[in-house]
Amino acid sequence: MKRIASGDRGAFAQLYREMESPLYRFVSSRLNDQQRSSDITHDVFLQVWRDAGAFEGRSKVRTWLFAMAYRKVVDVYRRENRLVFGEDVPESADESPNPEACVLAMENRDAVRQCLETLSPSHRAAIELTFMEDMSYPEVAEITGVPEGTVKSRVFHAKQLLLRCLSTKLGMKRDDQ
Amino acid sequence: MTSNTAGMQEPVEQLLPFLVNGTLAGPDRARVEKGLRHDPALAAEAALLGQLRDAMKAMPQPASPAEFGLARLMRDIDREASAQRTRRWQLAGGAVAAAAIALAVMLVLPPGQTEYQQASGDPGRGDLTVAFVPGATLAEVTDLLQNNNLEIVDGPSAIGLYRLDVTAGANLDAIADKLRAMQSLVESVSLPE
């Protein structure tokens, strides 16, 4: 970041090539809009270029970037009166799904995607940052601006909802056959 | 499945995803690993979470802008830098022009007047309000003033405007038109309302 702050375009390009794809994936997953996801990713990197000197190193660069992206996505949600990230969809009972059915359903990538889409934005962000970006719970908490305990709870419930959904998907597939 | 709670600690299942993704450390990790050793159901849950993580990572990824996005960024960074340079030059040019004009005022002061007087103390003066281009030089402004029998009586204002007086009886409209035509030196000319 020091090199970027001093105007080193090579260092900036290197950071972009490392982080652009996961950042875009994260934004795109929230917005489901290719153009706006590109614009937000662009804005995040432009902000990095402008504010690199202000980066204090108290968090990882990756966390800093994702937090910026998350805030920009939340702004879009607020402007469009979509469900705000802090509002959780009410939980149903966390009964355990059938593990074998879940494993079979996981082989179907469309089923995994469809089940992820059933989650609330906050649940989905939590579990995607945890399993797709392999972030720690303090990192997820910093990005999403909630307490660490909330992150653990969200990931746990998201996992339960996902597995239950996958279990149901397999049942529906068998009914179709 | 066992919920290993101890005091105010969260159920160990809530930490399991972070053991699976390899980010759990310290006492949290030790607590989960202990649970895994003693609870086959917890171990099965960990295996299931590992498969879920693999399935999520294996999902098709959206195509990001990649190098096109980088090119767009570099273009915007260049534009921003260029705009900043232009602003700096304008500011510097404005300062030079202001200094040049202040000096011109000293040169064209009427005989007997020993110092420049701000026309703010004499608001009735000033036939024309003029702005010079940022790059105007002392020599150019001096020539313009002398060739047209003009005298600076106020300025520059905060936005770079000068009030000029013309010789008594001169055709104000004609002089204003002549100044307007000098676009390389004069940015704007306005007559009193």
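Which residues line the largest cavity? Let's take a tour of this predicted model and find out.

## Ground rules

Residues are numbered from 1 along each chain as its sequence is written, while chains are lettered from A and ligands numbered from 1 in the order in which they are written. In this predicted model, local features need pLDDT of at least 70 and side-chain atom pairs count only at pLDDT 80 or more, with totals for chains, interfaces and linings using all residues, and side-chain values use heavy atoms, leaving out hydrogens and water.

## The largest cavity

The residues that line the largest cavity are Tyr16(A), Glu20(A), Ser38(A), Thr41(A), His42(A), Pro65(B), Gly69(B), Arg72(B) and Leu73(B). Two or more of the lining residues come from each of helix 2 and helix 3 (34–51) of chain A and helix 4 (66–107) of chain B. Helices (H or I, at least four residues) and strands (E, at least two) are DSSP runs, numbered from the N terminus. The lining splits into three nonpolar, four polar and two charged residues; here Ala, Val, Leu, Ile, Met, Phe, Trp, Tyr, Cys and Pro count as nonpolar, Asp, Glu, Lys and Arg as charged, and the others, Gly among them, as polar.

The volume of the largest cavity is about 50 Å³, and the structure holds two cavities of 30 Å³ or more. On a 1 Å grid over the protein atoms alone, a cavity is a set of points where a 1.4 Å probe fits but cannot get out, and a pocket is an open set with protein on both sides within 12 Å along at least five of seven lines; lining residues have an atom within 4 Å of a point. Grid points are joined across faces, edges and corners, and a volume is the space filled by probe spheres set on the points.

## The largest pocket

The largest pocket holds about 480 Å³ of space. Its lining has 24 residues, with Ser28(A), Ser29(A), Glu117(A), Arg124(A) and Glu128(A) nearest the centre. Helix 2 (9–31), helix 6 (109–117) and helix 7 (121–131) of chain A each give two or more residues to this lining, and helix 2 of chain A has the largest share, with six.

By class, the pocket lining has 12 nonpolar, five polar and seven charged residues. At least three residues come from each of domain 1 (2–79) and domain 2 (99–176) of chain A, with domain bounds taken from an automatic or database domain assignment.

## Between the chains

Where chain B meets chain A, 39 residues of chain B are in contact (heavy atoms within 4.5 Å) with 46 residues of chain A. Together the two chains bury about 3,900 Å², 67% of it on carbon and sulfur atoms; buried area is the accessible area (1.4 Å probe) that two parts lose on being put together, summed over both.

Seven salt bridges (a side-chain nitrogen of Lys or Arg within 4 Å of a carboxyl oxygen of Asp or Glu) run between chain B and chain A. The side chains of Asp39(A) and Arg72(B) form a salt bridge at 2.9 Å, N to O.

## A link within chain A

Arg25(A) and Glu133(A) also pair their side chains in a salt bridge (2.9 Å, N to O). Arg25(A) sits in helix 2 of chain A and Glu133(A) in the loop between helix 7 and helix 8, so the pair ties together parts that are 108 residues apart in sequence.
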